[in-house]
Amino acid sequence: MKSEESAIVMRRVEYGDFDVILTLFSRSKGKFSAIAKNARKSRRRFSGRLELFSVLHPDCSQPKSGGMPVLQEVQLMEPFENLRTDFIRMGYAAYWCEILCLWLEEGAAQPEVYDLLESMLRELHLGKGKPEVLSLLYQLRFLTLSGLAPGLDVCGGCEAPMFDVRAGRIRFDYGRSRILCGTCSPLARIFSMAPGTVKTLCWLQERKDQGAGRMQFSREAALEGLFFLESFISFHMGRDFRSLKYLQSVRRTAGISPEIISFPVCRLKA
């Protein structure tokens, strides 16, 4: 059955000698998998149309014996080729998609999450804003839509508004998903951030438009917030993302170092 609805290629796995299995994400059908028979040798039907992060209209048939839908042909809508020619952009796009591949339930529609992924991939492809800030925005919105968003506006101990905190490090308790001001936080191995970083994250959390991705933030706040969200998502989903390891390696090569983190992320899970 042909679909007039677009789907994003979130994962691509070569299967056997010539086949390709795709993990797709559509607005109304959610996450689903399909196999493209002979895709690696069929230039007429699939050449250049099944690449990662592409947006396409799939034409699938369901085998009478059951099993995975078979992709018959596709109409390529948005190739987003810049996401595959730049290592940094590719790393972020792969990380965003891996989060959803692991979080989404098969066949469960998540239209708001689909809109988020498609719009952010487009902005990343077009270079609208720094990739680091776009990733901050993506992760915060994903956490809000998934119900996992951390409380960042009020201290979990004394309930003081974070915008009133002027000095000292602010710590985050991963287990209870709450922030603690310098007065309330114990001297334990809890992730710490500067007040400016927390205020930046609070501001982004409240934004509804895509324009936030083009705003300017200090390098320190953007990076510290970035590493906080990446470790927070990994902690709460109980996963070590393979794409995140690649992304972190690429960032180190580009001179974007995670040394501002007060202790290694892996120790958060201890």
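Reader: Is Tyr95 buried or exposed?
Author: Tyr95 has a relative accessibility of 0%. Buried means under 20% relative accessible area, exposed over 50%, and partly exposed in between (1.4 Å probe, protein chains only). Therefore Tyr95 counts as buried.

Reader: What kind of model is this?
Author: Residues are numbered from 1 along each chain as its sequence is written, and side-chain values use heavy atoms, with hydrogens and water left out. Local features need pLDDT of at least 70, side-chain atom pairs count only at pLDDT 80 or more, and totals for chains, interfaces and linings use all residues, as the model is predicted.

Reader: How many helices and strands does the protein have?
Author: Helices (H or I, at least four residues) and strands (E, at least two) are DSSP runs, numbered from the N terminus. Counted this way, the protein has seven helices and eight strands.

Reader: What share of the protein is buried?
Author: The protein has 270 residues. The share of them that counts as buried is 48%.

Reader: How many aromatic pairs does the structure hold?
Author: Rings of Phe, Tyr and Trp (its six-membered ring) pair if their centres lie within 6.5 Å. A search of the whole structure gives a count of eleven.

Reader: Why is the pair of Tyr95 and Phe241 called edge-to-face?
Author: Planes under 30 degrees apart count as stacked, over 60 as edge-to-face, and the rest as tilted. The ring centres of Tyr95 and Phe241 are 5.7 Å apart. The pair is edge-to-face because its planes stand at 80°.

Reader: How many residues apart are Tyr95 and Phe241?
Author: Tyr95 is in helix α2 (residues 87-103). Phe241 is in the loop between α6 (219-237) and α7 (242-253), and is buried at 2% relative accessible area. The pair links distant parts of the chain, with a separation in residues of 146.

Reader: What is the angle between the planes of Tyr174 and Phe235?
Author: Tyr174 and Phe235 form an edge-to-face pair. Their distance is 5.4 Å centre to centre. The angle between the planes is 65°.

Reader: Where in the chain is Phe235?
Author: Tyr174, its partner, sits in the loop between β6 (170-173) and β7 (178-180). The two are 61 residues apart. Phe235 is in helix α6.

Reader: Which residues form one aromatic cluster?
Author: Tyr174 is buried, with a relative accessible area of 5%. Phe235 is partly exposed, at 26%. Both belong to one cluster, made of Phe172, Tyr174, Phe228, Phe232 and Phe235.

Reader: What is the angle at which α4 and α6 cross?
Author: Axes are lines fitted to C-alpha atoms, for helices over the stretch in contact, and angles run from 0 to 180 degrees between N-to-C directions. The axes of α4 and α6 come within 9 Å. They cross at roughly 35°.

Reader: Is the crossing of α4 and α6 left-handed or right-handed?
Author: A crossing is left-handed if the near helix is turned anticlockwise from the far one by less than a right angle, and right-handed if clockwise. The crossing of α4 and α6 is left-handed.

Reader: How many nonpolar, polar and charged residues make the contact of α4 with α6?
Author: Contact means heavy atoms within 4.5 Å. Residues making it include Leu136 and Phe142 of α4, and Leu229 and Phe232 of α6. Ala, Val, Leu, Ile, Met, Phe, Trp, Tyr, Cys and Pro count as nonpolar, Asp, Glu, Lys and Arg as charged, and the others, Gly among them, as polar. The contact has eleven nonpolar, three polar and two charged residues.

Reader: Which residues does Thr144 touch, not counting residues up to four places away in sequence?
Author: Thr144 is in helix α4 and is partly exposed at 45% relative accessible area. Its C-alpha atom is 8.2 Å from that of Gln205, 61 residues apart along the chain. The residues touched by Thr144 are Ala149 and Gln205.

Reader: What is the phi of Asn38?
Author: Most residues other than glycine have a negative phi. Asn38 lies in the loop between β3 (30-36) and α1 (43-46). Its phi is positive, near 55°.

Reader: What is the phi of Glu159?
Author: Glu159 lies in the loop between α4 (131-146) and β6. It counts as exposed, at 62% relative accessibility. Though not a glycine, Glu159 has a positive phi of about 65°.
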